[in-house]
Amino acid sequence: MVSHLTKTFLSFLTPSFFILTSGIFALTIDNEFVHGLILFLAVPISLLALLMGYRNHQTSAFFAIGCLGLSVLLVTFLLGEEILGVIFERLLTLSGSSLLIFAHYSNHQTCKQLDCDCHEG
């Protein structure tokens, strides 16, 4: 079984790993491909984490905010720079990411406040 510390460590390092390595991959692989790959991995993982947080803490606001953030990221990726323009695409990506980060962080804080054992075993 993976310990709580390991799960927490991985949940914070995985997004950082993708962000840091995307700069390396962007030199050799089409940038949109890398963003699509990150999104392809982030959406199901984030949905699962948000759903588990909702089931454990019964806080629907964080689930809704997280889903809104994911939706903004998906729509922004699908429309792309050609339709949205560089600046608007970046602003929407930053906004969607911020909403998603806020939802995950709020879920984590709620878990700590409740001193729940949802991350155990």
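Modeller: Read along the sequence, this predicted model follows the pattern α-α-α-α.

Biologist: How many helices and strands does the protein chain have?

Modeller: Four helices and zero strands.

Biologist: Why is Phe40 called exposed?

Modeller: Its relative accessible area is 62%. Exposed means over 50%, so Phe40 is exposed. Phe40 is found in helix H2, residues 31–57.

Biologist: What makes the nonpolar surface patch there?

Modeller: Phe33, Leu37, Phe40, Leu41 and Ile45 make the patch, about 510 Å². Patch residues need over 30% relative accessible area. Phe40 has 62%, so Phe40 clears that cut-off.

Biologist: Now the inside. What makes up the largest nonpolar core?

Modeller: Seven residues: Leu39, Val43, Leu50, Leu70, Leu73, Leu100 and Ala103. Core residues must be buried, and buried means under 20% relative accessible area. Therefore each of these seven core residues is under 20%.

Biologist: Which helices supply at least two residues of this core each?

Modeller: H2, helix H3 (60–84) and helix H4 (86–114) do. The largest share, three residues, comes from H2.

Biologist: Which residues is Leu70 in contact with, leaving aside neighbours within four places in sequence?

Modeller: Val43, Ser46, Leu47, Leu50 and Leu100. Contact means heavy atoms within 4.5 Å, so Leu70 has heavy atoms within 4.5 Å of those of each listed residue.

Biologist: What percentage of the protein chain's residues are buried?

Modeller: Buried residues make up 24% of the 121 residues. The chain exposes about 8400 Å², and carbon and sulfur atoms supply 71% of that area.

Key
Residues numbered from 1 in each chain as written. Predicted model: local features only at pLDDT ≥ 70, side-chain atom pairs only at ≥ 80, totals over all residues. Heavy atoms only, no water. Patch = residues over 30% accessible without salt bridge, like charges linked within 9 Å, V, L, I, M, F, W, Y side chains within 5 Å. Areas by Shrake-Rupley, 256 points an atom, 1.4 Å probe, with all protein chains shown as cover. Salt bridge = Lys/Arg side-chain N within 4 Å of Asp/Glu carboxyl O. Buried < 20%, exposed > 50% of the residue type's maximum accessible area, 1.4 Å probe, protein only. Core = buried A, V, L, I, M, F, W, Y, C linked by side-chain atoms within 4.5 Å.
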